[in-house]
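Student: Could you walk me through how this one packs? I have the sequence and the model open.

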Amino acid sequence: MAKRKRLTPANPAFLDDTQSAAPPPGAVRRAPIADVAADAAATSALRDVSAAMEDARETGRLVARIPLDQIKMDYLVRDRVSVGDTEMDALVTSIRDRGQQTPVEVVELAPGQYGLISGWRRCQALRRVAEDSGEPAHALALLRRPEMASDAYLAMVEENEIRVGLSYFERARIALKAAEQGVFEDTEQALRGLFGTASRPKRSKIRSFVGIVQALDGVLAHPHRIGERQGLLLAKRLDDDPAFVRDLGRALSMGSDRSAEVEQGILSDLLARGPKALEPDKTVSKKAESPAHEVRPGLMAQVDQNSGALRLWGDRMTPALRDRLLEWLKRQG
């Protein structure tokens, strides 16, 4: 039988006390393999933590503390058109006493720059708390990664529907604005995409408010106060009486008080009077209206042959376009 060759240890000093210094009293001598194993375990743990952090970021579960100045508040057209003082004061008090309990949702636009998806009210409250304390304003935020802009809008709508509930005007407005920005093909697609879980009757009511948004967004100071029944009456009135928006604008401009109660009173009074078409001395014949035609995609026009009134409506008839048209008419002298 062949004689086995004895191998020299990798660290002879470990076996030979004469070649190493005496260890301190009570110290335990470690084998080199123990150090290697410890380093490997630490590296593996760090790798696992890094992977978990990356997975949390990828799946929108990572909460970060972000300066409010780095969050773009108008990244999406907001669906909440008004926030009551009492409601905001209560939120400010809660955050001041207990801190921010629920993170806002943001999407990373660039390093150090984020777009707000949901949590606009919380951001405003956090800013007020920071101003009162004199400290920089920060927000706890979940980093979301919407694959499409429609996902971001849907997240905002769902968050507000669950927390505070949106008025029919606000629901119709966000659908209209999302369509105008090209997030959805048209308003109908926006209604199905954003309110797909709503019942068909509810979606039909939201659809009725789209015309109200087109006609009165920017005219009313408190449109979210329009209730379901009043809104359905108003939608029909706008279809039947093209002069209603003009009459409402005049009535609102006659007083300085634009509180929600006063505005609701004026609106209810005008609706109760009935359309001008029913007044014998100011009859507007439907037969005298020219056929409606499409000026351009999403913009319809119709002329009243008796009064010469021009009516414009459609998805493209935005408040910005209306203001540009009015400004152009003023310049015509």
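Student: Which residues are exposed on the other side of helix 10?
Tutor: Keeping in mind that this is a predicted model, the exposed residues there are Arg250 and Ser253, whereas the buried residues of helix 10, which spans residues 244-253, are Phe244, Asp247, Leu248 and Leu252.

Student: Ok, the core now: which residues have the most contacts inside the largest nonpolar core?
Tutor: That core has 40 residues, and those with the most contacts inside it are Leu194, Phe195, Ile212, Leu234, Phe244 and Leu248. The elements giving two or more residues to this core include helix 5 (149-163), helix 6 (168-180) and helix 7 (187-194), and the largest share, eight residues, comes from helix 6.

Student: Switching topic, how do the axes of helix 6 and helix 8 cross?
Tutor: The two axes come within 8 Å and cross at roughly 75°, which makes helix 6 roughly perpendicular to helix 8, since angles of 65 to 115 degrees count as such. Among the residues making the contact are Phe169, Ala172 and Leu176 of helix 6, together with Ile206, Phe209 and Val213 of helix 8.

Student: How many nonpolar, polar and charged residues are in that contact?
Tutor: By class, the contact of helix 6 with helix 8 has nine nonpolar residues, one polar residue and four charged residues.

Notes
Residues numbered from 1 in each chain as written. Predicted model: local features only at pLDDT ≥ 70, side-chain atom pairs only at ≥ 80, totals over all residues. Heavy atoms only, no water. Buried < 20%, exposed > 50% of the residue type's maximum accessible area, 1.4 Å probe, protein only. Helix = DSSP H or I, 4+ residues; strand = E, 2+ residues; numbered from the N terminus. Core = buried A, V, L, I, M, F, W, Y, C linked by side-chain atoms within 4.5 Å. Axes fitted to C-alpha atoms, helices over the stretch in contact; angles between N-to-C directions. Parallel < 35°, antiparallel > 145°, perpendicular 65-115°, else oblique. Contact = heavy atoms within 4.5 Å. Nonpolar A, V, L, I, M, F, W, Y, C, P; charged D, E, K, R; others polar.
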